[in-house]
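Q: Hey, can you walk me through a few bits of this protein? I'm new to reading structures.

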Amino acid sequence: MAYIETKNLTFSYPKSNSKALKDVSIIIDKGEFVLLMGKTGSGKSTLLKLLKKEIAPFGEIQGEIIGNTNSAAFVVQDIDSSFVCDKVRGELVFALENKKLPNDVIAVKLGEIVSFFNLNDILDADISELSGGQKATVAVAAAMISAPDVLILDEPLSQLDPKASYQLVSLLQRVNSELGTTVIMSSHISDNLVDICDKMYIMDNGKIAADGTAHSLSKCDNLLPFFPVYTSLFDSRPLSVKEAIFCNINFKEKEITESKFAQKAVEVKNITFSYGKNQKDILDGLNLTVYKGSVHSIIGANAGGKTTLLKVIAGIKKQYAGKVKVYGKIGYLPQNPRYLFTKDTVLEEAGESFAKRLCPNDYDTRHPYDLSGGEMQKLALEILFNNDFDIILMDEPSKSLDYFSKQELKKTIKELAKNGKTVVLVSHDLDFVGEISDFVSFLSDGIITITGSRRQVLSSLDFYTTQIRRITKGKLKSAVSAEDLI
């Protein structure tokens, strides 16, 4: 008998003319690691929330949900919004104190969870001061302290750098294999996940479009966009970098063609910035030059100062030393797309043509806050691109976007650059960076430690690099994207 099952689950949000879910039937066995994928707005978040009654959305529901998921723990997509305490310790024990457990029992459970998740060094830290990876770990630990049988996660990797993403996936694998917890998670990122999951469900337009093991689904050409980029390069369809490295690589690489950019769009000279007099400098004598008509990506670890740098360039934050010169009108996309929404409907925000494409059945009534994470990101990008900015700053523009939406964004960015616009983006999506950039800068310890052409920089890095570089390193000199291969 299935541990969790839905039978012909159909769901509609209030005032919506369309169904968010349509006859969704899934079967999850106890102890499985289940990966849920699909296009932006395909119904993944809705399905996951319906599995947890306490946070299930209001609307019209048909069909069945079988299995007791009342005690399931849920980690939301916007992790910052889920914290209820200022300190890590308070966040971890909050659920136990709500249950009025004795202090000695709480102490034992806290000691266990801190040890398992290796949180000793940050136990008494302010959550606001943690990196993205640390916040994600705390959120998972807080969910697991009550020892749930099921852990549900909605896009937990979308805002993490490669190192933090790998660490969180490894942690979830431990939760699944060592504790026997059933793990159900949605993600647009499949690297490091498809090789460990027991089962995949792929959604499209509110329906289950495909299901099975990752190995079986990888044989379907139309499903390859949901797999790591290297999976499609080989007939054996490897599911991990390790497998791909041992495949016979017969590729050659294209010669590097130097792009000529002369006119400056942004000059940053010896910038120093901190958030308080007694706090560490986030930027420490940083220098950066961005050329007009180029796409310039800034990469680095969570909490390394990338967002701060964008805000200084945009004039949102003021450095206490150094100078910033910008040559043109600046537009800025923040990490949280909600900051760009000022109207009550998608139609009012973006106009009829785009609104109909984003949510065709209720574009004139849907509030922007009711969109999925990926849909919010697409709407925010549309608002940004509808303005005639000379310099466009974007903080994690590909966040929460599926493969197809990323390809659309890539096309738009290249068209902007072709027309003389300058694009500066911060991103943890290194494969996207490897495809879109003219220049890449690596920010670490408050300074730009290396900057140069896309292939020059990404081929010189071992950890902050692309999947293509990982599997071709030692065999090809500087290929970092599929477009570099022959």
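Predicted model: local features only at pLDDT ≥ 70, side-chain atom pairs only at ≥ 80, totals over all residues.

Q: How many bridges join S15 to S16, and are they parallel or antiparallel?
A: There are 5 bridges between S15 (residues 391-395) and S16, and the two run parallel. Strands here are DSSP runs of E with at least two residues, helices are runs of H or I with at least four, and both are numbered from the N terminus. Two strands pair if DSSP finds at least two bridges between them.

Q: What about S12, how many bridges there?
A: S12 (residues 295-299) is joined to S16 by 4 bridges, also running parallel. His 296 is the one opposite Val 424 there.

Q: Is S16 buried or exposed?
A: Buried: 5 of the 5 residues of S16 (residues 422-426) are, so the strand is largely enclosed by the rest of the structure. Buried means under 20% relative accessible area, exposed over 50%, and partly exposed in between (1.4 Å probe, protein chains only). Thr 422, Val 424 and Val 426 point one way, Val 423 and Leu 425 the other.

Q: Ok, new topic. Which residues of H3 are buried?
A: Ile 106, Leu 110, Ile 113, Val 114 and Phe 116. They sit on the same side of H3 because they cover an arc of only 160° around the axis, counting the directions from the helix axis to the C-beta atoms.

Q: And what's on the face turned away from that side?
A: Exposed residues: Asp 104, Val 108, Glu 112 and Ser 115.

Q: What covers the buried ones?
A: The cover includes helix H2 (88-98), H4 and H5, where contact means heavy atoms within 4.5 Å.

Q: What comes after H3 that has a positive phi?
A: Asn 118, with a phi near 55°. It lies in the loop between H3 (103-116) and H4 (132-144). Most residues other than glycine have a negative phi.

Q: Is Asn 118 buried or exposed?
A: Exposed, with a relative accessible area of 63%. Glu 155 also has a positive phi, about 50°, but Glu 155 counts as buried at 5% relative accessibility.

How values were computed. Residues numbered from 1 in each chain as written. Heavy atoms only, no water.
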